[in-house]
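Hi,

Here is the structure I promised to pass on. Could you have a look at it alongside my notes below?

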Amino acid sequence: MAEGRFTNPVVASLAGVKDFFAKQKLSSRFTANDRADGKTILITGASSGLGFALAVSFAKRGGKVIMACRSKIPEAGERVKKISGSEKVEMRYIDLSKIETIHHFVDSLAEDGIVVDICILNAAVALPGARRTASGQDELFLVNYLSNVILTQLLLKKSVIKLRDSQPPSKLIFISSDSHQGASIIDYDEFGRYFEYGVSKAISNYSYFKLVLNTYATELSRKLNQQSVKISINLICPGPVHSNITKEAPWLLRMILNGIFWVVFKAPDKAARPVVYMALSPDYEGTTNEYLHMFNPKLMDPKVYQEEEGKKLWERSMELLKTIDPDWD
Ligand SMILES: NC(=O)c1ccc[n+]([C@@H]2O[C@H](COP(=O)([O-])OP(=O)(O)OC[C@H]3O[C@@H](n4cnc5c(N)ncnc54)[C@H](OP(=O)(O)O)[C@@H]3O)[C@@H](O)[C@H]2O)c1
């Protein structure tokens, strides 16, 4: 059975307390010179939490921001414009639990001739249990893992994100969680299969699917960057963020978690800093398969780097997509 590092949400949140006090090795490397002028930045899940803070930060630094969201259109975009003082902000609809909307989203970008320089794969959910999507998969699996495969493959296929021979390469940044460390090896009996489960397994799956996501990102980089880095594919855990991630938790648990969040989790604008650093700093220009835990470079779980694991995950993901997505080819 697939297992993540935590099964108890309170224990998982308390693990963030340690991160809150951790030394931030590279934080002084992040400066006002890290600018986004002339760059187009796409952020999924930018309606709230970390994604919203990222949108504000990139807009303030001169970038054109595309907020890919399922809700708060256009209010969240208007707020980003107001806070950042930039008009170069737009919102587009995507619901990562509905596969057809991912196709529509990428088609609309391609039709409008948009070329994205930096894509931040940020959206994710934490749910209290299994929930079946219209295409028949569990929502945690689809939103936190498979939709990222669909989105990245389509963005590349439709040349919304281009492989570049000349510097600087385009960038994909996967928002992960250090809770992926120690999750079990990928379980292909469970892969893409819907079954009922409760809160412990949901918490466990949240960190387990981050391991699956990291394994995919690593394989994507391996496939696309064989001779040289044509697209920079890096990953980051922002550390504990005082966001809306607990919003689907049962109310008592939500109160407890929000209490912990208030005291020791970082405000989203603080948590966004290492992500913006990784996206804009020359330190990460032309790098690939690097991992930051906040401002600290680190290795991911060793399973993420296993070539056989990456290859198998790739094959199984593509096979699954052929069976569940009528528009997949
Ligand atoms: N919070 C933490 O302590 C923490 C720690 C480590 C890593 N992270 C990671 O940080 C990232 C951002 O999370 P957050 O903490 O900022 O949580 P958040 O405030 O709940 O933000 C999550 C975002 O994802 C969006 N989203 C969820 N389901 C979606 C769907 N089906 N289609 C499109 N968008 C969807 C949400 O949209 P709606 O507003 O419409 O729901 C929201 O904009 C996640 O990848 C999370 O795993 C968070």
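An oxygen atom of the ligand sits 2.8 Å from an N or O atom in the side chain of R70, a polar contact in the sense of a pair of N or O atoms within 3.5 Å (within protein, one must be able to donate a hydrogen and the other to accept it, and residues adjacent in sequence count only if both atoms are side-chain atoms). For K247, an N or O atom of the side chain is 2.9 Å from a ligand oxygen, and at L50 a polar backbone atom is 2.8 Å from an oxygen of the ligand. On its own the ligand has 890 Å² of accessible area, and the protein covers 96% of that (Shrake-Rupley method, 1.4 Å probe; for residues, only the protein chains shown count as cover).

Please bear in mind that this is a predicted model: local features need pLDDT of at least 70, side-chain atom pairs count only at pLDDT 80 or more, and totals for chains, interfaces and linings use all residues. Residues are numbered from 1 along each chain as its sequence is written, and side-chain values use heavy atoms, with hydrogens and water left out.

Around the ligand there are 32 residues, of which S48, S71, N122, Y206 and S243 come nearest (a residue is near if one of its heavy atoms lies within 4 Å). Both α2 (49-60) and α6 supply at least two residues of this shell; helices are DSSP runs of H or I with at least four residues, strands are E runs of at least two, and both are numbered from the N terminus.

H180 counts as buried because its relative accessibility is 0% (buried is under 20%, exposed over 50%, partly exposed in between; 1.4 Å probe, protein chains only). Its side chain makes a polar contact with that of N214 at 3.5 Å, and a polar atom of the H180 side chain lies 3.0 Å from the backbone nitrogen of D301.

Best wishes
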